Amino acid sequence: MANSFTRMISGRNAAVMMAVGAGTLGSGYLLSDSTAAADRKRLYPPSADFPDLRKHNNCMAAALTPKIYAHLRDKTTPNDWTLDQCIQTGVDNPGHPFIKTVGMVAGDEESYEVFAEIFDPVIKDRHNGYDPRAMKHPTDLDASKITSGVFDERYVLSSRVRTGRSIRGLSLPPACTRSERREVERVTVTALAGLKGDLSGRYYSLGEMTDKEQQQLIDEHFLFDKPVSPLLTSAGMARDWPDARGIWHNNEKNFLIWINEEDHTRIISMEKGGNMKRVFERFCRGLKQVEHLIQERGWEFMWNERLGYILTCPSNLGTGLRAGVHIRLPLLSKDPRFKKILENLRLQKRGTGGVDTAATGDTFDISNLDRLGKSEVELVQLVIDGVNYLTECEKRLERGQDIKIPAPIPQFRK
Amino acid sequence: MPFGNTHNNFKLNYKVEEEFPDLSKHNNHMAKVLTKEIYGKLRDKQTPSGYTLDDVIQTGVDNPGHPFIMTVGCVAGDEESYEVFKDLLDPIISDRHGGYKPTDKHKTDLNFENLKGGDDLDPNYVLSSRVRTGRSIKGYTLPPHNSRGERRAIEKLAVEALTSLDGEFKGKYYPLKSMTDAEQEQLISDHFLFDKPVSPLLTCAGMARDWPDGRGIWHNDNKTFLVWVNEEDHLRVIAMQKGGNMREVFKRFCVGLQKIEEIFKKHNHGFMWNEHLGYILTCPSNLGTGLRGGVHVKLPKLSTHAKFEEILNRLRLQKRGTGGVDTASVGGVFDISNADRLGSSEVSQVQLVVDGVKLMVEMEKKLEKGEAIDSMIPAQK
């Protein structure tokens, strides 16, 4: 805790600096000071509050036991965020037997520490056995290491890489106050104004955009909407919409940032066609420049070597990276081995509208499944190799040749 | 208790200007009343259970509203909210309840014998009659704020009280989470079942948390008296039946309510009530009697008359579609009910419904005969 706070102090104004100390002390008072709170604790022990998760299918429900709940219920992070607030989304959304969602979110960086007893098993479940207590996450944004990243454009229609970044010292979207959210916007927009050359661009605040600008952004597939998914709304991420939300993009329209949607920032590099190498190169370059620009003003991204980049949803820890393509696979997608091929390549298919949408025609969104335990370079290379394999399969099927299911890719570096 | 904005102490690190919500596009009572001064005065306060100003207003911030419909835009998290956040809630209450002052006293009258008439509404027009209200149980926080433990305790107490009723009130409890499909179908066709709230007015206030835990429906064997447990309020009590005998419905309503209240009092958990605000409920719009007495009535001609709205206004009545609030009418059938809740008693509110509907049915009959109704238009009640 001391570490992150000293860094905060170096870059921020005096008023906040003094108050931060008070805030840390104050967190204890909220529950222990008032007699009403003490009465409540006595009348409603953790067993009275334990959620009914019998019909639930999500990682939180699988991992949460009455014992863990009892240990953690009355704890708070330095920002007064509680366990119940982390798990509310998982309680309210029992899930589907075929789709296992995560079922909990972090309210701030410290959530992952204070509630480690529940976050660690959830992370392990979601990230193929990654153990945050024993393992380290590699970060590598050196795009020059990528090989053969240009796809056959008869199949690959577009290429895209996205990630998220959180600004250290400010609460995350489920928990943030209006002023924190506005500060995220301010810090990010100020930094982005410093981008030059092919990365220079402008910001469109959601609340102030004109109808014309809005339509333009929709047509370009840039605009994000107020979340309607109950997974997000039950976690409080749509509060105060559209206050301090917006979209920044460069003039060339291939590098964009979402501000204050599900994470503080979502950074996206995309272009039509199959040049994934260029997309990733611009991604890394842009990310590094943005990071440098915020550091000049004393801010930094949330990161640690156990969990990599800290984001709202545990599913996005590590790299937070989803690299993918829109690809036409008319023959392969109908082959009964398609699913297994994707699985072994550690790839995931989505519809062309993104998560939880259906494919239109034969065009799929194919991207990496994993986020944590492998570096950015490794994951993008994995997607490149995988997409190349898929296009090879499609071509072979076109020629009436047989295809093979590839050997499964190992999970973690030894 | 867990939800949304409760890391209040941390928030105080930021100035009022930095935290004040952007209400420039909003049309609700809270947005009209809330100023930076009021926000600054109240933001560091909490009720004893930890409910804060931002908790109160979040639903109003998230739901800017519609230019034609003025919603309330705030909720209470517990009984003390109405005290601790007086500076915000009193002007809202005044706005919403026809100028009700902080010094005014509210009259409670659940003596059904004081109702005049009401047993002769023409069943050819009046298809059904219904009276509902809400009750909050003292000692527990309200649906926007309560924890699972509290909600379950409320359910347990409510079920204990209700299952002890007998005679025409003998009945059964159906918890939402263990209802069979057959039971669910039956409750839907009886028009009894309530759904998980989808309206953002409710979900943004945290009232759908943990659904369906602790929620259920109790009704008597005759299907004329029912209680919703832990929907938008701790209890919603409803008496209803087909036809136009509002008098009988109101009698059953009053008798049933009083029986239930006695049982809760014996358990040292009476209903939340005070002489200024009457019955305390989650939404400030339901303070006072919390009563909505109404009928489903066929008014195809009157409803298209140019003066329909004005007539309703003068009679202190309100129209809704037959699906309830925010629905459209079907086939000229409207839900007509009292508009007021606070500042007049249960008896007087139901009296307005009974008298007003009787008059409107007469008007409808006149219009059917091609006669004018101008002479019948009432003075402002």
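Visitor: In E10(A), which residue is the bridge partner of A:Arg350?

Guide: The model is predicted, with local features needing pLDDT of at least 70, side-chain atom pairs counting only at pLDDT 80 or more, and totals for chains, interfaces and linings using all residues. Residues are numbered from 1 along each chain as its sequence is written, chains are lettered from A and ligands numbered from 1 in the order written, and side-chain values use heavy atoms, without hydrogens and water. Strands (E, at least two residues) and helices (H or I, at least four) are DSSP runs numbered from the N terminus. E9(A) and strand E10 (residues 363–368) of chain A run antiparallel, joined by 4 bridges, and in E10(A) the partner of A:Arg350 is A:Asp365.

Visitor: Which strands stand at the edges of the chain A sheet?

Guide: The open sheet has 8 antiparallel strands in the order E2-E3-E4-E5-E1-E8-E10-E9, where pairing requires at least two DSSP bridges between two strands. Each edge strand has a single partner, so one side is left without a neighbour in the sheet; these are E2 (201–205) and E9 (347–350) of chain A.

Visitor: How are H8(B) and H11(B) oriented to each other?

Guide: The axes (lines fitted to C-alpha atoms, for helices over the stretch in contact, with angles from 0 to 180 degrees between N-to-C directions) of H8 (residues 148–163) and H11 (residues 246–266) of chain B come within 9 Å and cross at roughly 125°. Angles under 35 degrees count as roughly parallel, over 145 as roughly antiparallel, 65 to 115 as roughly perpendicular and the rest as oblique. The two helices are therefore oblique.
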